[in-house]
Amino acid sequence: MDDQERSAPGRYRSDLRNVIGSSAYGYTLTVWSTASVLTHAYALPSPPEVFSFFLGAVAGFAAVGTLAFGGLTAEFGGESRRVRLWGSFRFVSVALAVGATWLLSSHMPSMPGWPLGSFVATVCYFGVVGAENAVAGAGAGSER
């Protein structure tokens, strides 16, 4: 650890980089925006529709996770990979997820629309994030 990393501002910047790098802000934007699009299309959700929304998101996360890890019982963590900061902005992944939900909501009634909207948004978001990270990681790896 160099002197800059040991200073208070250096530790702060290091911790801030870790928080930014592991942030779920892109998925937060996706969920909030998706729920807003669905609320605009269908009005405020009833409690069963709220439950169906979160169950759709969980099912989408499980589907993508199962695909990524090859099963539900796989373990993960500890991988260290460098990705350029711009690769974490999530312009494309959030836009595609919200756009897909908007398209779905214009062709589907509310009860299947709430869980399917969150499922589609989750699958789109994480599927595209994988591609965004691959592109950003490839650029970061070639300049070391």
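This note goes through the predicted model point by point, from the overall fold to single residues.

1. **Overall layout.** The chain has 6 helices and 0 strands. Read from the N terminus, the order of elements is α-α-α-α-α-α. Keep the helix numbers in mind, as the points below use them.

2. The chain counts 144 residues, and 28% of them are buried.

3. **Contacts along the sequence.** Take the contacts between residues at least 6 apart in sequence. Of these, 82% join residues at least 24 apart. Several pairs below show such links in detail.

4. **A nonpolar patch.** Where does the surface carry nonpolar side chains as a patch? The patch is formed by Tyr12, Leu16, Ile20, Tyr25, Leu29, Leu85, Trp86, Phe89, Phe91, Val92, Leu96 and Val135. Together these residues have about 1200 Å² of accessible area. Helix 2 (8-21), helix 3 and helix 5 (91-105) each give two or more residues to the patch.

5. **Val92, a patch member.** Val92 belongs to the nonpolar patch and lies in helix 5. Its relative accessibility is 46%. Val92 therefore counts as partly exposed, since that class runs between 20% and 50%.

6. **Thr34, a buried residue.** Thr34 sits in helix 3, which spans residues 25-42. Is Thr34 buried or exposed? Thr34 is buried, because its relative accessible area of 1% falls under the 20% cut-off. Leaving out residues up to four places away in sequence, Thr34 touches Phe53, Val98, Thr101, Gly117, Ser118 and Ala121. Another distance to check is the one from Thr34 to Val94. These two are 60 residues apart in sequence, but 9.3 Å apart in space, C-alpha to C-alpha.

7. **Aromatic pairs.** How many aromatic pairs does the structure hold? There are 8. One of them joins Tyr27 and Tyr125, with 5.6 Å from centre to centre and 40 degrees between the planes, and this pair is tilted. The pair links distant parts of the chain: Tyr27 is in helix 3 and Tyr125 is in helix 6 (residues 110-142), 98 residues apart. Tyr27 and Tyr125 are both buried.

8. **A pair at another angle.** Phe89 and Phe91 have ring centres 5.9 Å apart. Their planes meet at 75 degrees, so the pair is edge-to-face. Phe89 is partly exposed, with a relative accessible area of 36%. Phe91 is exposed, because its 65% is over the 50% cut-off.

9. **A ring cluster.** Ring pairs also build a cluster. Its members are Tyr27, Phe61, Tyr125 and Phe126.

10. **The salt bridge.** Side chains of opposite charge can pair when their charged atoms come close. The count here is 1 salt bridge. It joins Glu132 and Arg90, whose closest N and O atoms are 3.6 Å apart. The two residues come from distant parts of the chain: Glu132 is in helix 6, Arg90 is in the loop between helix 4 and helix 5, and 42 residues separate them. Glu132 is buried, with a relative accessible area of 14%.

11. **More on Arg90.** The loop that holds Arg90 lies between helix 4 (47-69) and helix 5. Why is Arg90 classed as buried? Its relative accessible area is 12%, and buried means under 20%, so Arg90 qualifies. The Arg90 side chain also makes a polar contact with the side chain of Asn133, at 3.2 Å. Not counting residues up to four places away in sequence, Arg90 touches Tyr25, Gly26, Tyr125, Val129, Glu132 and Asn133.

12. **Positive phi angles.** Most residues other than glycine have a negative phi. Arg90 has a positive phi, near 70 degrees. Ala43 is not a glycine either, yet has a positive phi of about 80 degrees. Ala43 lies in the loop between helix 3 and helix 4. At 43% relative accessibility, Ala43 counts as partly exposed.

Terms used: Residues are numbered from 1 along each chain as its sequence is written. Side-chain values use heavy atoms; hydrogens and water are left out. Helices (H or I, at least four residues) and strands (E, at least two) are DSSP runs, numbered from the N terminus. Buried means under 20% relative accessible area, exposed over 50%, partly exposed in between (1.4 Å probe, protein chains only). Contact means heavy atoms within 4.5 Å. Patches are made of residues with over 30% relative accessible area and no salt bridge: like charges are joined within 9 Å, nonpolar side chains (Val, Leu, Ile, Met, Phe, Trp, Tyr) within 5 Å. Accessible areas come from the Shrake-Rupley method with a 1.4 Å probe; for residues, only the protein chains shown count as cover. A salt bridge is a side-chain nitrogen of Lys or Arg within 4 Å of a carboxyl oxygen of Asp or Glu. A polar contact is a pair of N or O atoms within 3.5 Å; within protein, one must be able to donate a hydrogen and the other to accept it, and residues adjacent in sequence count only if both atoms are side-chain atoms. Rings of Phe, Tyr and Trp (its six-membered ring) pair if their centres lie within 6.5 Å; planes under 30 degrees apart count as stacked, over 60 as edge-to-face and the rest as tilted.
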